[in-house]
Amino acid sequence: MIYLDNSATTKPHKDVLATFMLVNEQYYANPASIHRAGVETNALLTKAREQLASILHTEEKNILFTSGGTESNNAALYGLAKSSSFRGKHIITTEIEHPSILEAVKRLEEEGYEIDYLKVDKYGVFSLEELREKLRKDTIIVSIMHVNNEMGAIQPIKEAAKIIHDACQAMFHVDAIQSFGKLPIMFDGEDGPDVLSISGHKIHGLKGSGLLAFRKKPQLKPFIVGGGQEFGLRSGTAAVPQAVALAKAARLAIEGMPAHYENYKRWSAELHLFFGQFGQDVYVVSPKDGAAHILSFSVRGLKGEILINALQKRDIIVSTSSACSSKQTKTSHVVEALNIDSRYKNGVLRLSFGANNTDSDIAAFKKQFTVVMKELKGDNTQ
C-alpha cells in the first residue's frame, strides 16, 4: 500500500512507539503524587515540556499539553475569549479555517461575540490589507492557520503578527497543526504569534497528543477544571506517555525537516508538471508556492469518491480535500471560498506526503493515475 494521506494522519515513528511503551511500562505513576515513583514520572514530564519549549523558543511554563489539535484550537478560542472579554468581544479569523476553529467561533458568536471572517484569493491566501481594516481596539483574538489543511496555502504569519501587535492588544493564535515539522514555525520576538496549536499525529506521533504553546505567560480561562494540573489550565491526570512521545516526535520532525522538505518540494514540482499533461481534465488547486507536502487537484466532471475508489483498488491511498469532512456530501468550505470552476468542485483530491514516502511512491502514483484516467475518461483526455 502506498499511503499519500499524511495530512489526515501519519504512521507513528517506531522510536515514538518505543518511547510510549517504555514510559507506560516504567513511569506509570501519577506525576502529581509525592512518592518517589510520582516524582520520577513528574521529572520525565518536565523534561518533555522543557524540550518542546526549547524547540518553540519559549519557556517550559508556557507549554500546555492537550489531547490533540481540536482541543488545542478549542482551548485557545474559548480560553482567550473568556479571559479577555473585559477588553472586548471582537474576533477575527479566515473563511478557510479548520472546523475546530470555525465551529468554536460560531458558538462564541451565539454567546454574544462578534466574528469577522477574512476572505481569501484564488491561492487561498488572505489579504493583509483586509486584516488591517478589520482590526479594532476591541479585537481580542485573531486566529489564522499557518498552512491550510485542504490545499496547502501558506499564510503570511509574520507580517500579520506585526500588523496585529501594532494595532491593538489582540492575541494572535496560529493553528500550526499542518505546518509544524514541515515549515519553520516558532515564537520569534514580538513579530510572531502569541499562541500555537500543534498535534502529535500529524508529525508521526500519536493520536491523542498535542499542545497549546504560548509566547508569554498564558492568560487563559480553563474550560476543563478539577485538580488543577497543567498550571491550573487543564485539569486531569497528566498523560505522561503521550507527552513524552510528543516531545520525541517533535524532535524527530525538526531534525528531519530539511531533508524531508527537499523531497516534498521536488515531488510537488514533479506532480505539477505531471498533471499539466492532462490539459483541462485536471485542475491543480494547490498553488505552486504553497506548502510542498500538500497537493490538491481535481478531475473535471468526476466525483472525488470515484477517483479514491479507483486508486485504492491499485493500492494508492489518497483522500478528498479534508478527511474531517470526507464523509459529507457537501462541497468543502475551502473549495467554496476559492471559487473553483463548478466543473471541478466535486472532484477535489488531496495528496499529502510524509516522512515514510519515497520517490518510488510518487512514480507509482503517476503510473496508476494515468491508468485510472484512461479508464474513467477514455484515451482522449485533454
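In this predicted model, a polar atom of the Thr 94 side chain lies 3.3 Å from the backbone nitrogen of Ile 96. The Thr 94 side chain also makes a polar contact with the side chain of Glu 97, at 2.6 Å. Thr 94 is found in strand β3. With a relative accessible area of 0%, Thr 94 is buried, because buried means under 20%. Leaving aside neighbours within four places in sequence, the residues in contact with Thr 94 are Leu 102, Tyr 117, Leu 118, Phe 126, Ser 143 and Ile 144.

Strand β3 covers residues 90-94 and runs parallel to β4, to which 5 bridges join it. Within this pair, Ile 91 has Ile 115 of β4 as its bridge partner.

| Helix | Residues | Strands touched | Angle between directions |
|---|---|---|---|
| α3 | 69-84 | β2, β3, β5, β6, β7, β8 | about 165° with β5 |
| α6 | 157-167 | β5, β6 | about 160° with β6 |

Helix α3 is mostly covered, with 13 of its 16 residues buried. At 1.5 Å a residue, the 16 residues of α3 should span 22 Å, and the end C-alpha atoms are 22 Å apart, which agrees.

The sheet itself is open and has 7 strands, in the order β2-β8-β7-β6-β5-β3-β4, with mixed pairing. Strands β2 (63-66) and β4 (114-118) stand at the edges; each has a single partner strand, so one side of each is left without a neighbour in the sheet. From one strand to the next, the twist averages 20°.

How values were computed:
Residues numbered from 1 in each chain as written. Predicted model: local features only at pLDDT ≥ 70, side-chain atom pairs only at ≥ 80, totals over all residues. Heavy atoms only, no water. Pairing = 2+ DSSP bridges. Helix = DSSP H or I, 4+ residues; strand = E, 2+ residues; numbered from the N terminus. Axes fitted to C-alpha atoms, helices over the stretch in contact; angles between N-to-C directions. Contact = heavy atoms within 4.5 Å. Expected span 1.5 Å × (residues − 1). Buried < 20%, exposed > 50% of the residue type's maximum accessible area, 1.4 Å probe, protein only. Polar contact = N/O pair within 3.5 Å; in protein donor to acceptor, adjacent residues only side chain to side chain.
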